Amino acid sequence: MCIKITAAVLAVSMLVFTSTFATEATEATEYTDPVDFVTANGIMQGDEKGDLHLDDTITRAEFVKMLITAAEDEKMKELQGGDSYVKYNSFEDVPKTYWAMEFIAKAKALGFIDGVDDKHFCPEESVTYSQAVKIVLIACGMNPYDVVYPYGYISAAMDSEILTGITVKPDEPITRSETARLMYNAYMAVNEGTLSFGPADILMYNDDDDSKGIAGYGLFSYEVTIIPSAGGTVGSAIFNGGSAQNNKTGSMASTADSASGGSLSEMASSQEAGSGGGGIAVRESDGLSCAPPVIFGIPYPSCEEYENYEPNEFRRTKLSPLSTFSIDTDTASYSNMRRFISLGQKPQEGSVRTEELINYFEYSSPKMSEDAPFGVAAQIVDCPWSENKLARVTIAGAEAETGKQSNLVFLIDVSGSMSSYNKLPMLKQALGILVDKLDENDTVSIVTYASGTRVVLDAANGSEKKKLHGAIDELMSGGGTNGADGLELAYKEIEKGFVEGGNNRIILCSDGDFNIGPSSTEELKQLITEKRKAGIYLTTMGFGMGNYKDNRMELLADYGNGSYYYIDSLSEAKRVFADKLNKTLYTVAEDVKLQIEFNPAVVSEYRLVGYENRELDAEDFENDTVDAGELGAGAKVTAIYELVMSGDGTAEGDDITYRYQTNQYKGTDEAFDVKIRYKEPGGTESILKEYPVANAAVSADEDTRFAAAAAMLGLKLNGVVDIGYDAVIEQALSALPIEGTYGRDTAGRWEFVQLAELLKYIDR
């Protein structure tokens with residue numbers, strides 16, 4: 001009866017309830033490392049010689065004992081009604097005489113665990129990574145009915161930085177060392193405010209102030225502020241700026257509750273669709289013509305739209321020495337991929353753009369040019385997936401000047417298709433993050449569209465936080481999707497307050513599903529192409545799933561001189577609207593094009609990794625009427641080439657004069673020459689910069705190794721090369737800190753490793 005899988009919970013919604021919190025808890029005790037944390041708090045004890053056996057696996061009973069030790073304190077014991085938990089022990093394989101019976105009974109009573117079925121807990125079996133993550137998150141106050149097992153729990157833990165430094169193998173046993181790190185990270189997430197989910201329950205109220213409550217347990221508990229609703233029964237729990245709806249009297253009903261009540265074991269005891277009391281959760285949205293069933297870990301019929309591009313192939317340098325393309329600072333593809341994986345699915349065909357996976361991550365900046373608004377660096381290293389070489393070219397934008405005035409219009413889709421929990425509700429919280437970053441130099445208007453269009457707020461000052469938050473909070477969804485007229489109205493609104501020399505930008509938030517008015521790709525291109533020439537930028541923010549139109553959202557941003565992001569969680573919104581705000585809002589160079597000329601005497605063949613939808617004809621490089629990508633303030637763009645380094649002659653001449661045909665550069669040790677054309681913001685004539693790169697292979701630094709790992713995953717998912725997930729993971733780990741030097745700033749890279757592990761798990 002006891003098998004090495006968890007007693008799965010069939011969740012009733014597909015995403016963690018995502019709010020990004022900063023700490024409001026009491027000041028945390030400082031610990032030197034995870035081992036110090038678990039030993040100082042009595043969570044983990046050594047043998048008679050003091051050996052913690054950190055490399056050993058841990059049983060389910062041992063893990064529960066450690067968790068209860070961490071989660072209990074005197075307040076919690078009082079709240080939980082003392083120590084009379086024996087009545088909750090209904091497991092036949094946990095008799096009263098079993099050494100961990102009391103801990104298991106407590107954990108079951110608190111909702112931390114359920115059995116592999118109604119009567120068995122299997123205490124002597126090893127606890128898996130997935131089981132351990134789930135139990136720790138529930139101890140931090142997470143509603144166990146909010147996510148899919150195991151993907152949703154692991155995704156929530158990644159989002160909260162609880163898995164930093166841990167390589168999660170979902171169905172394999174976790175070690176004692178990684179158990180210590182998991183609990184330490186959870187403690188740090190609570191006290192540093194990186195939890196990405198709202199508390200399911202308010203466990204205790206302040207005797208003197210019922211607006212204050214405690215969520216989570218013991219070392220994982222934190223203070224929240226309760227703001228009652230008009231009815232007095234349901235309010236918002238505020239934990240340092242994030243909010244989540246909570247029921248003041250008990251547990252919270254799920255966002256889309258198709259299975260209510262019951263304990264974890266009553267809900268379900270397997271992952272099979274339709275089993276247990278939970279069954280399959282189906283979400284339908286008003287106005288969604290293709291409402292897909294949401295089934296745990298099982299692919300669903302989708303109305304999502306993506307452009308499919310043929311992957312780049314190798315080119316002979318003698319015949320085609322020039323590689324010309326537009327830069328791309330979009331990152332939507334990565335966060336959209338993460339959304340698919342968190343649902344237990346491989347990304348949909350066409351949804352993975354390799355360059356966006358590479359450019360999602362933060363890399364060190366090259367030295368800034370003295371005569372250009374960016375810095376450039378390049379290196380040639382060994383290619384990790386073949387016997388060839390790999391070239392990495394990086395461009396980093398300069399930081400924007402401070403105090404620049406912004407004239408913003410939030411263009412918000414409030415149609416019926418936006419009613420899902422991960423669309424308009426998340427959108428409102430995301431824009432709230434941006435509002436909090438604005439000041440008196442900024443002006444904000446809000447335009448909405450559904451069956452019709454409306455100006456909700458006209459030119460409010462960025463310092464008027466209450467007015468801005470109030471206008472956003474009151475938005476409701478319903479009706480059709482007249483996106484084209486919404487764009488027209490947004491352009492009229494922004495033109496009214498146009499700021500010469502300022503940042504005039506529309507931020508479109510939608511699922512991209514336009515079903516009223518002009519909605520074809522060509523019509524929308526025509527609608528926005530003329531407007532960009534007047535210095536008005538268009539940035540797009542994608543939300544939701546099922547009917548998502550990635551192709552349209554990317555196109556609008558490309559032709560509107562803006563960037564395209566996909567918001568799958570509130571932590572991603574924080575990244576875009578807070579951590580990377582300058583990159584999101586401010587442009588330092590327009591129409592940035594790259595042209596790489598390879599030396600055929602050194603490089604015989606080359607392949608550009610990604611950028612399939614950004615490639616340009618060679619003659620487009622000098623044509624200033626051809627549009628290209630914008631470089632945001634502080635943004636970094638990386639291009640990777642796979643090179644065959646057996647040079648075999650000179651380029652065969654045609655109408656173009658090549659650098660390496662001329663006597664000056666014949667016999668040079670240059671491998672390639674990087675040419676960059678760009679316009680100053682608002683400019684009409686491009687400026688040329690040139691950076692030759694020597695044929696000198698070096699050892700890859702951490703940034704290049706990690707960029708190569710991201711490239712490998714993109715190539716694998718697009719079927720370009722036959723690479724195993726283990727090779728991707730090994731390459732990424734080579735760019736991560738060694739044991740004992742983990743930093744919170746490496747969380748994003750650890751998340752990448754965990755996503756690759758989950759993809760391997762999904763493939764199995």
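**A strand covered on both faces**

A: Strand E7 is covered on both of its faces, since Leu 322, Thr 324 and Ser 326 on one side and Ser 323 and Phe 325 on the other are all buried; buried means under 20% relative accessible area, exposed over 50%, and partly exposed in between, with a 1.4 Å probe and protein chains only. E7 runs over residues 322–326, and five of its five residues are buried. Strands (E, at least two residues) and helices (H or I, at least four) are DSSP runs, numbered from the N terminus.

This is a predicted model, in which local features need pLDDT of at least 70 and side-chain atom pairs count only at pLDDT 80 or more, while totals for chains, interfaces and linings use all residues. Residues are numbered from 1 along each chain as its sequence is written, and side-chain values use heavy atoms, with hydrogens and water left out.

The partner of E7 is strand E16 (residues 587–598), joined to E7 in the antiparallel sense over five bridges, where two strands pair if DSSP finds at least two bridges between them. Within this pairing, Phe 325 has Leu 594 of E16 as its bridge partner. Strands of a sheet pair through backbone hydrogen bonds, either parallel or antiparallel.

Val 637 is a residue of E19, and Val 637 is buried, with a relative accessible area of 3%. Not counting residues up to four places away in sequence, Val 637 touches Ile 327, Asp 328, Thr 329, Asn 359, Val 393, Thr 394, Ile 395, Tyr 611 and Leu 631, a contact being heavy atoms within 4.5 Å. Asn 359 lies 278 residues from Val 637 along the chain, yet their C-alpha atoms are separated by 6.0 Å.

Tyr 611, another of these neighbours, is found in the loop between E17 and strand E18 (629–632). Tyr 611 is buried, with a relative accessible area of 0%, and its phi is near 60 degrees, a positive value in a residue other than glycine. His 53, in the loop between helix H1 (34–40) and H2, also has a positive phi, of about 50 degrees, although His 53 is not a glycine; His 53 is partly exposed, with a relative accessible area of 33%.

Helix H2 itself is mostly covered, with nine of its twelve residues buried, among them Phe 63, Val 64 and Met 66.

Elsewhere, helix H6 (residues 151–159) and helix H20 (residues 747–763) pack at an angle of about 170 degrees with their axes 10 Å apart. H6 and H20 are therefore roughly antiparallel to each other, the class for angles over 145 degrees, with under 35 roughly parallel, 65 to 115 roughly perpendicular and the rest oblique. Tyr 151, Ile 154 and Met 158 of H6 meet Glu 751, Gln 754, Leu 755, Leu 758, Tyr 761 and Ile 762 of H20.

For the protein chain as a whole, the secondary structure comes to 20 helices and 21 strands, and 60% of the 764 residues count as buried. Of the contacts in the protein chain with a separation of 6 or more, 76% are between residues 24 or more positions apart.

Definitions and conventions:
Axes fitted to C-alpha atoms, helices over the stretch in contact; angles between N-to-C directions.
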